[in-house]
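Student: I have a structure open beside its sequence, and I would like to learn how to read its features one at a time. Could you take me through them slowly, giving the general idea before each case?

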Amino acid sequence: MRYDEGVCVTTNSVEGYFAILKRGINGVYHHVSRQHLHRYLGEFDYRFNGRKVTDGERAQGALKGFEGKRLMYK
């Protein structure tokens, strides 16, 4: 930890993100191809940024995605 112009600068957020990423890859996917790396990183960005969101808020966000769309049974 250091202070730069009176602001505390740490690497805790970056270390936390990579910890979530490593646990996800080792525990769920086991292998990540270079071709789809951006998709895995996008998923873990969503997980990291939404880690403090409640289940209710997450459900409301999902339901907003359905608004105005017609579901068809085929």
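This is a predicted model: local features need pLDDT of at least 70, side-chain atom pairs count only at pLDDT 80 or more; totals for chains, interfaces and linings use all residues.

Student: What is the phi of Glu-5, and is the residue buried or exposed?

Tutor: The general idea is that most residues other than glycine have a negative phi. Glu-5 has a positive phi, near 55 degrees, although it is a residue other than glycine. With a relative accessibility of 79%, Glu-5 counts as exposed.

Student: Which residue just after α1 takes a positive phi?

Tutor: That residue is His-30, with a phi of about 65 degrees, and its place is in the loop between α1 and α2. His-30 is exposed as well, its relative accessible area being 62%.

Student: Now the helices. How many residues has α1, and how far does it reach?

Tutor: There are 18 residues in α1, and from the first C-alpha to the last the helix reaches 25 Å, which is close to the 26 Å expected at 1.5 Å a residue. For α3, with twelve residues, the span should be 16 Å at 1.5 Å a residue, and its end C-alpha atoms, 17 Å apart, agree with that.

Student: Which residues of α1 are buried, and why do they line one face of the helix?

Tutor: In general, an α-helix has 3.6 residues a turn, so residues three or four places apart point the same way. In α1 the buried residues are Tyr-17, Leu-21, Gly-24 and Ile-25. Seen down the axis of α1, these buried residues fall within an arc of 95 degrees, so they line one face. The face turned away from that buried side carries exposed residues, among them Asn-12, Glu-15, Lys-22 and Arg-23. As for what covers the buried residues of α1, α2 is included in it.

Student: Which residues make up the largest nonpolar core?

Tutor: The largest nonpolar core has five residues, which are Tyr-17, Leu-21, Ile-25, Phe-44 and Phe-48. Both α1 (12-29) and α2 (37-49) supply at least two residues of this core, and α1 gives the most, with three. If you select Phe-48 and leave aside its neighbours within four places in sequence, you will find it in contact with Ser-13, Gly-16, Tyr-17 and Ile-20.

Student: How many aromatic pairs does the whole structure hold, and how is such a pair described?

Tutor: A pair of aromatic rings is described by the distance of the centres and the angle of the planes. A search of the whole structure finds four aromatic pairs. In one of them, the rings of Tyr-17 and Phe-48 have centres 5.6 Å apart and planes at 85 degrees, so this pair is edge-to-face. Because Tyr-17 lies in helix α1 and Phe-48 in helix α2, the pair ties together parts that are 31 residues apart in sequence. Tyr-17 is buried at a relative accessible area of 15%, and Phe-48 is buried at 13%. Another edge-to-face pair is that of Tyr-29 and Phe-44, with 6.4 Å from centre to centre and 90 degrees between the planes. Here too a residue of helix α1, Tyr-29, meets one of helix α2, Phe-44, so the pair ties together parts that are 15 residues apart in sequence. Tyr-29 counts as partly exposed at 28% relative accessibility, whereas Phe-44 is buried, with a relative accessible area of 0%. Ring pairs also link Tyr-17, Phe-18 and Phe-48 into a cluster.

Student: Last, the charged side chains. How many salt bridges are there, and where do they lie?

Tutor: The structure holds three salt bridges. One joins the side chains of Arg-2 and Asp-4, at 3.9 Å from N to O. In another, Arg-47 and Glu-43 have their closest N and O atoms 2.6 Å apart, and these residues are four apart in helix α2, separated by about one helical turn. Arg-58 bridges to Asp-55 with closest N and O atoms 3.2 Å apart, and those two are three residues apart in helix α3 (residues 55-66), again separated by about one helical turn. Arg-58 counts as partly exposed, at 36% relative accessibility, while Asp-55, at 61%, counts as exposed.

Methods
Residues are numbered from 1 along each chain as its sequence is written. Side-chain values use heavy atoms; hydrogens and water are left out. A nonpolar core is a set of buried Ala, Val, Leu, Ile, Met, Phe, Trp, Tyr and Cys residues joined through side-chain atoms within 4.5 Å. Buried means under 20% relative accessible area, exposed over 50%, partly exposed in between (1.4 Å probe, protein chains only). Contact means heavy atoms within 4.5 Å. A salt bridge is a side-chain nitrogen of Lys or Arg within 4 Å of a carboxyl oxygen of Asp or Glu. The expected span of a helix is 1.5 Å times one less than its number of residues. The arc is that of the directions from the helix axis to the C-beta atoms. Rings of Phe, Tyr and Trp (its six-membered ring) pair if their centres lie within 6.5 Å; planes under 30 degrees apart count as stacked, over 60 as edge-to-face and the rest as tilted.
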